[in-house]
Amino acid sequence: MKDFSKELNFKTSRSSGAGGQNVNKVETSVTVLWNVSESEFFNDDQKDLIQNKLKNRINAEGFLFLTVSESRTQLMNKNKAIEKILEIVDKSLFIPKKRVATKPSKGQKQKRLDTKKKISDKKENRRFKF
């Protein structure tokens, strides 16, 4: 996981929710902004991958943004925001392995057909015959 936290910009705002008077006067909510296209830590292919996978989180100007207001202190929210954005970007760079299509073996096919035949015979024997 690359640490590109030097490229992050932070904005603070008043947090919503519980907290009493503290919420009304202290800016504890932290929004972290990162310009994906101007990053020096990733190559062009990685930037394209990030932009494609996180297109719902990237605004029109090309900034990836994330707001955290979980804690009552600005410092804890800032640390949590850095941690989350690093994790999100790391997950977006993961490329899953391609699935290789396989065919069932002759033995597997025969076993399946034998099982079907046994169940069919069992149900046939349950019928009342005249």
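Predicted model: local features only at pLDDT ≥ 70, side-chain atom pairs only at ≥ 80, totals over all residues.
Side chains of opposite charge can pair when their charged atoms come close. Across the whole structure, the search returned five salt bridges. One of them joins the side chains of Glu70 and Lys84, with an N to O distance of 2.6 Å. Glu70 sits in the loop between strand 3 (63-68) and helix 3 (74-92), whereas Lys84 belongs to helix 3 itself, so this pair ties together parts that lie 14 residues apart in sequence. The two partners can also be described by their accessibility. Glu70 counts as exposed, at 52% relative accessibility, because the exposed class begins over 50%. Lys84, with a relative accessible area of 29%, is partly exposed.

Lys91 forms a salt bridge with Glu87, and their closest N and O atoms are 3.5 Å apart. Both residues lie in helix 3, where a spacing of four residues corresponds to about one turn of the helix. Lys91 is exposed, with a relative accessible area of 57%, while Glu87 is partly exposed at 39%.

Another salt bridge brings together the side chains of Arg127 and Glu124, at 3.8 Å from N to O. Here Arg127 is exposed, with a relative accessible area of 58%, and Glu124 is partly exposed, with a value of 37%.

Attention now turns from charged side chains to nonpolar ones. The largest nonpolar core contains 18 residues, and Trp34, Leu64 and Val89 are those with the most contacts inside it. Strand 2 (29-35), strand 3 and helix 3 are the elements that each give two or more residues to this core. Of the contributors, helix 3 gives the most, with six residues.

Leaving aside residues up to four places away in sequence, Leu64 touches Val32, Leu33, Trp34, Val36, Leu54, Arg57, Ile58, Ile85 and Val89. Two of these neighbours, Trp34 and Val89, are named alongside Leu64 as the residues with the most contacts inside the core.

Technical notes. Residues numbered from 1 in each chain as written. Heavy atoms only, no water. Salt bridge = Lys/Arg side-chain N within 4 Å of Asp/Glu carboxyl O. Buried < 20%, exposed > 50% of the residue type's maximum accessible area, 1.4 Å probe, protein only. Core = buried A, V, L, I, M, F, W, Y, C linked by side-chain atoms within 4.5 Å. Contact = heavy atoms within 4.5 Å.
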